[in-house]
Amino acid sequence: MQKQQHTKTNSDTIRTIVVVGGGSAGWIAAARLAAKGARGSDDIVVKLVESATVPTIGVGEGTWPTMRNTLAKIGIGETEFLRSCDAAFKQGARFVGWKDGSPGDAYYHPLNPPAGAADLNLSPHWQQVVAQSPDRDFADWVDFQQALCDAGLAPKTITAPEYGGVANYAYHLDAGKFATLLREHAVDRLGVEHVIGDVTDVVMADNGDIASLQLADGGSVAGDLFIDCTGFAARLIGKVYGVPFRRCNDILFADRAIAMQVPYPDENTPITSHTVSTASDAGWIWDIGLWARRGTGYVYSSAHIDDDAAEAALRAYVGPQAEHLSTRRISIEAGHRERFWQNNCVAVGLSAGFLEPLEASALMLVEASMDAIADRLPRTRGAMDTAARQFNESFHHHWERIIEFLKLHYAITKRTDTAFWRDNAAPGSIPDALKERLELWRQHPPAPQDFAHAREVFSWPSYQYVLHGMGFETQYPAVAASSPDAVLARRWVGRIERMRGDAVAQMPSHRTLLRAIREHGLQAV
Amino acid sequence: MSRIVPLDATRHHAVCIDAMAGAAARQFVQIGLSEIALAAADMPLFLVKDAQTGRFNLIALFGLIEQRNLFWQHGGMQSTYLPRAASLTAFRLDPAGEGGVGLDEGDPAVGRQGERLFAPDRLPSPFLTTTRTALDSVIADVAAAQALIDGYAQHRLIRPLSLVLRHDDGHEHAITGLYGVDEEGLAALDDTTVVALHRTDRLAPAAVMAASLAQVERLRQLHNAAQLRPLASFQLAFEG
């Protein structure tokens, strides 16, 4: 690290933003910033520095529905995105074997919110329904999306506009192809300057800001704001600023993953339109459907299973097809930085932190970070410290909430068959805030008041889906059948039943829709 | 209910076509590129999405609420122009059928009245030969219209329309799935694009289509003249 006579003052205008790292996070960051500039609201220059020698990690194949908005803001059409990234629709996740591991143990966390979530809370009513019909599914009772997933149907038809649908949806995508699409779009259409080179040194200004990056070829890249998208290397936030990494492996035990890409047997094989997350002895196996292949992987705790046994478990899950397929092993360090924005450097993506992909939060956090940065980009250096403080507070909160929500999936399991599941339910591994809430939620349904922020990454309906899906015992006060709330609940459930019938009758199969989109495209409106 | 089968001399030797009976029952028909200005003299022209491909089809609207043609009154079409597809409602292209034609046996044009499809010796009648030629011509013209509309879509000129009809008693009826060419979008195009559209005869059709929307009022008047539940007014606007 060099210190030179670079003076930065509070009145300096933020003009040049340098993104370091060319994976999905880097290119989303660059494209979001450049798209904002391209619309004339800001006179900014965006540069992306990408190493020619460091490969991108290339995982992170599940998104949130937020990606629709992000792509629209960047200016990439949904048809182009689906075709270029071998993408498919994702309508939620199905958790298999998490509750107690008995045959048939499975529940959905769909992306649609429960019916009437703005009007009423269905949890107390559900308690009465499940008392009489223990085999009913909460997700199926409050929404129609589970029926679409079970039937292999799409969330929309070919006549829906780009980014619009009957049911809420996200995507499964090929991460490598996604980074390529973003790069081409950012460079060719948004004017991002693509600099290929290895960062060998960082030149600091006298106020502790980063002034410029020195590259291996002797060049340098100066900037006013630096976005660290260098992945686990954390080249700026970690190596330059030494911002400590806060581990959470005492709460979330997974520290390894083995990934395997599985081809479809033939071109008519149904494509699942939700993530399947199957509990295993020492973790869980993801299974996602893309257009051209499936992506599978085992996320596990190396304290509970060794790598070879984990690979054998993944191969057993995939079945005979796995015989000739290769795997890729990835190390995970669960946790996040103590600060994400330091001086004129913001960590976005894996450099900020990583959690197991149980709820596909990685790309969502990149998007949320870039919303916060791009939509309120400080105009001057003087405004940056305030922006940084707000950002750090806000994202601290988000990371803590995500850790708690992921832990919820494990904490209330009734599985006791392996040490992994027993350890996960041990009170010592459960954050105090989650313990408190769980106590509360035995007596009171999850509600907006339980959360500090108006815009939580996981809001109360998500907790409803997991708590009731996992069969969490509740003791809510009984609701009289004649009460206005009960009447409203019956009306909503009736409406859902009609919507379910219509949706199942009208939606095409997932593969049929993807094929039609590849052939004809979706209209923009 | 449509029942489309390949045209067959044995099965259909006695079938007759009353083209106007088919036209009278249609709420809308697809029109071709060459028909835009002609149809706009009578009918509002809208875009609707094809259920199989999601692509926009250009249609002339004949009716509002009921599945019928409001221009068909007193035994005839009360319009200056009859879109060509309106006379061909019973026919489709079908390579498996006689003369490459498919027949919708459920179409109101199909019956025992009108023009015979086959001569007594079961050879194609002159009417069938003429029909096949007309069908080819309409399909080519419709394809040309689709290419025009695809271009408008690429320029982001197409926007969803909301059409809300209001009865005398205040009850409202919304017609969904209609799209139109946005004049504001047209006005916002850069000069190069405008000149390019003009030089390739694609600018005027957009203006004609936009102007044709005024014909919804004509449909309202025809609706009321047909002694249907009266419509007091309507609201037609681009959404969003």
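Tutor: In this predicted model, the axes of helix 2 (residues 66-74) of chain A and helix 9 (residues 361-375) of chain A come within 10 Å and cross at roughly 45°. An angle under 35 degrees would count as roughly parallel, and one of 65 to 115 as roughly perpendicular; helix 2 of chain A and helix 9 of chain A are therefore oblique to each other. The crossing of these two helices is left-handed. On the side of helix 2 of chain A, the contact is made by A:Thr66, A:Met67 and A:Thr70, and these face A:Leu363, A:Met364 and A:Glu367 as the contributors from helix 9 of chain A.

Turning to the strands of chain A, an open sheet of 3 strands has the order 13-19-22, with antiparallel pairing. Strand 13 (245-247) and strand 22 (353-354) stand at the edges of this sheet, and because each has a single partner strand, one side of each is left without a neighbour in the sheet. Strand 19 (residues 335-337) of chain A is joined to strand 22 of chain A by 2 bridges, the two running antiparallel, and A:Gly335 stands opposite A:Phe354 in strand 22.

Another antiparallel pair is formed by strand 9 (residues 199-204) and strand 10 (residues 210-215) of chain A, which 5 bridges join; here A:Asp201 stands opposite A:Gln214 in strand 10. Strand 9 and strand 10 of chain A form a hairpin with 5 residues between them, and A:Gly208 in the turn has a positive phi of about 90°.

Finally, chain A also meets chain B, in a contact that takes 12 residues from chain B and 8 residues from chain A. Strand 12 (residues 158-167) of chain B supplies the largest share of the side of chain B that touches chain A, namely 3 residues, and the residues of that side divide into 6 nonpolar, 2 polar and 4 charged.

Definitions and conventions:
Residues are numbered from 1 along each chain as its sequence is written. Chains are lettered from A and ligands numbered from 1 in the order in which they are written. This is a predicted model: local features need pLDDT of at least 70, side-chain atom pairs count only at pLDDT 80 or more; totals for chains, interfaces and linings use all residues. Two residues are in contact if their C-beta atoms, placed from the backbone, lie within 7 Å. Helices (H or I, at least four residues) and strands (E, at least two) are DSSP runs, numbered from the N terminus. Ala, Val, Leu, Ile, Met, Phe, Trp, Tyr, Cys and Pro count as nonpolar, Asp, Glu, Lys and Arg as charged, and the others, Gly among them, as polar. Two strands pair if DSSP finds at least two bridges between them. Axes are lines fitted to C-alpha atoms, for helices over the stretch in contact, and angles run from 0 to 180 degrees between N-to-C directions. Angles under 35 degrees count as roughly parallel, over 145 as roughly antiparallel, 65 to 115 as roughly perpendicular and the rest as oblique. A crossing is left-handed if the near helix is turned anticlockwise from the far one by less than a right angle, and right-handed if clockwise.
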